[in-house]
Amino acid sequence: MTNDRNPGENDVTGATIWLTGLPSAGKTTIARELARQLRAEGRRVELLDGDEIREFLSAGLGFSREDRHVNVQRIGFVAELLASNGVLALVPVIAPYADSREAVRKRHQQEGTAYVEIHVATPVEVCSVRDVKGLYAKQAAGEISGLTGVDDPYEQPESPDLRIESQDQTVEESAAAVRALLAERGLL
């Protein structure tokens, strides 16, 4: 699929903003705050929540490396499609494997669509205290296995476009850091 949009047809620039990090790192919280701010300014924004995508677009996939890769590629495809049509696609999805994230970045490059990778680099110790979905407690109790960053790999981005240490700043400060990067890149 190619981007058939005519340059100049619509001056609204789209982009995919991928927030990667451990479970309970703050990815979705930051993305929601950023979406709220951008929508208040009249921007076209979609938030592609990983849990919703798994339920509706990737139902039936498990958590093997291969299934996680397929899930990330599906999300990346949808994000690129939205972004190529002038939407800011906020993607707070773990995407634990570097090669999966790189494949999404390359797809965006091939299509000429802006892609920004944000690493929400919250330490596992902080994430396990936040434990928004109770996953760390379930893993500790032996109820689940394969928790990213605990007993399943998480390959941290080596050179993300922005690294946020959410434990050291407010959600608003984290969103402001993302906005500053987007503005610097001419995406706002």
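How do the residues of the lining of the largest pocket divide into nonpolar, polar and charged? The structure is a predicted model, in which local features require pLDDT of at least 70 and side-chain atom pairs count only at pLDDT 80 or more, whereas totals for chains, interfaces and linings use all residues. Residues are numbered from 1 along each chain as its sequence is written, and side-chain values use heavy atoms, with hydrogens and water left out.

The lining comprises 16 nonpolar, 13 polar and eight charged residues (Ala, Val, Leu, Ile, Met, Phe, Trp, Tyr, Cys and Pro count as nonpolar, Asp, Glu, Lys and Arg as charged, and the others, Gly among them, as polar). A pocket is an open set of points on a 1 Å grid over the protein atoms alone where a 1.4 Å probe fits, with protein on both sides within 12 Å along at least five of seven lines; lining residues have an atom within 4 Å of a point. Of its 37 lining residues, Pro-23, Asp-51, Ile-94, Lys-133 and Leu-135 lie nearest the centre. Helix α1 contributes the largest share of this lining, five residues (helices are DSSP runs of H or I with at least four residues, numbered from the N terminus).

The second largest pocket has a volume of about 210 Å³. Its lining, which includes Arg-101, Glu-117 and Ser-159, divides into three nonpolar, two polar and six charged residues. Here the largest share, four residues, comes from α4.

Terms used: Helix = DSSP H or I, 4+ residues; strand = E, 2+ residues; numbered from the N terminus. Points joined across faces, edges and corners; volume = space filled by probe spheres on them.
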